[in-house]
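This report covers selected local features of a predicted model. The sequence and structure are shown below.

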Amino acid sequence: MPYAEDPSVLPPFEPARARAARELLGMTVDQAAHAITAYRGRPFPPALLEAWEAGTAAPADSEVRALAAALWCSPVDLVGEPATLAQCRTVAGLSISRTASALGMTRVRWEDAERRNRWRGTAAQTDALLRVLVPPPACFVAACGTSRQLRTLLREAVNGWWPNHVTAVARILPVEAVVVREALERLHLAYHQLEGDVGASPRAAAAAEAQAADFLAHIDLHLWQQLRRSRTRPAGMTDGTGRSEGTHGDYYNSADPAGGY
């Protein structure tokens with residue numbers, strides 16, 4: 001069953017970014033709410049905007065767009081990292097047809113990839129995906145269905161000789177090997193620092209042991225944090241598509257996926 005005409009799916013709303021965008025303009029909450037009212041053509045309560053900025057309520061995609069219009073920015077400036085292929089396309093500002101064409105596949109195949117959030121393109125199509133949509137590593141790994149394999153490799157790396165795992169991890173994460181190497185080294189050091197605290201007092205040792213176990217359980221989340229820190233482009237720069245590279249930066253300086261996903 002084909003998709004509706006070019007659905008637009010924004011990543012999750014980021015309250016701190018919305019507040020920063022409003023304050024950058026020198027707008028009060030009341031002024032921003034008035035601008036939203038003018039854009040939508042119906043009253044908008046300032047209290048709701050306060051709730052959005054506090055994170056106690058979340059706007060729908062249409063409301064994010066209304067807020068962006070009020071703040072003279074792109075909706076992409078008010079959201080977090082894309083977590084799905086559909087969100088990546090929305091952030092890139094591309095239609096389904098243009099995306100499929102850029103990736104060298106049929107519209108039907110791309111629609112299916114979006115619907116299932118599963119990527120099974122050839123090596124050439126994967127390279128195009130990384131260039132055109134710039135999916136964050138977490139999004140790319142999830143779409144490729146390699147999350148479990150990655151977590152296993154990461155646990156082996158921090159528990160053993162991490163340099164032996166750089167190549168295997170880089171085959172899953174098509175970022176430069178030097179970035180993978182730096183991230184694995186930091187993960188290894190962070191984990192063994194927790195393990196080193198186990199020899200303290202019984203209470204401290206128990207706490208350190210629990211922290212070490214939690215680190216291993218969520219080791220992929222720690223990897224994503226390390227990769228975000230590896231971005232080098234200044235915040236606020238745009239890449240010509242309206243995307244702020246400080247928000248959704250370019251992870252792939254030279255994509256070289258090993259084999260087709």
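## His165

His165 sits in the loop between H10 and H11. Is this residue, His165, buried or exposed? With a relative accessible area of 15%, His165 counts as buried, because the cut-off for that class is under 20%.

Leaving out residues up to four places away in sequence, His165 touches Leu153, Glu156, Ala157 and Leu184. One of these, Leu184, also belongs to the largest nonpolar core.

## The largest nonpolar core

The largest nonpolar core has 27 residues, and the members that touch the most other members are Leu150, Leu154, Val169, Leu173, Leu184 and Leu223. Two or more residues each come from helix H10 (147-159), helix H11 (166-172), helix H12 (177-196), helix H13 (202-217) and helix H14 (219-229). H12 gives the most, with seven residues.

Leu154 is in contact with Val169, Leu184, Leu187, Ile219, Asp220 and Leu223, when its neighbours within four places in sequence are set aside.

## Arg118

Arg118 lies in the loop between helix H7 (107-116) and helix H8 (123-132). Its relative accessible area is 32%, so Arg118 is partly exposed.

Not counting residues up to four places away in sequence, Arg118 touches Leu85, Ala113, Ala142, Ala143 and Gly145. Arg118 and Phe140 are separated by 22 residues in sequence, with a C-alpha to C-alpha distance of 9.2 Å.

Conventions. Residues numbered from 1 in each chain as written. Predicted model: local features only at pLDDT ≥ 70, side-chain atom pairs only at ≥ 80, totals over all residues. Heavy atoms only, no water. Core = buried A, V, L, I, M, F, W, Y, C linked by side-chain atoms within 4.5 Å. Buried < 20%, exposed > 50% of the residue type's maximum accessible area, 1.4 Å probe, protein only. Helix = DSSP H or I, 4+ residues; strand = E, 2+ residues; numbered from the N terminus. Contact = heavy atoms within 4.5 Å.
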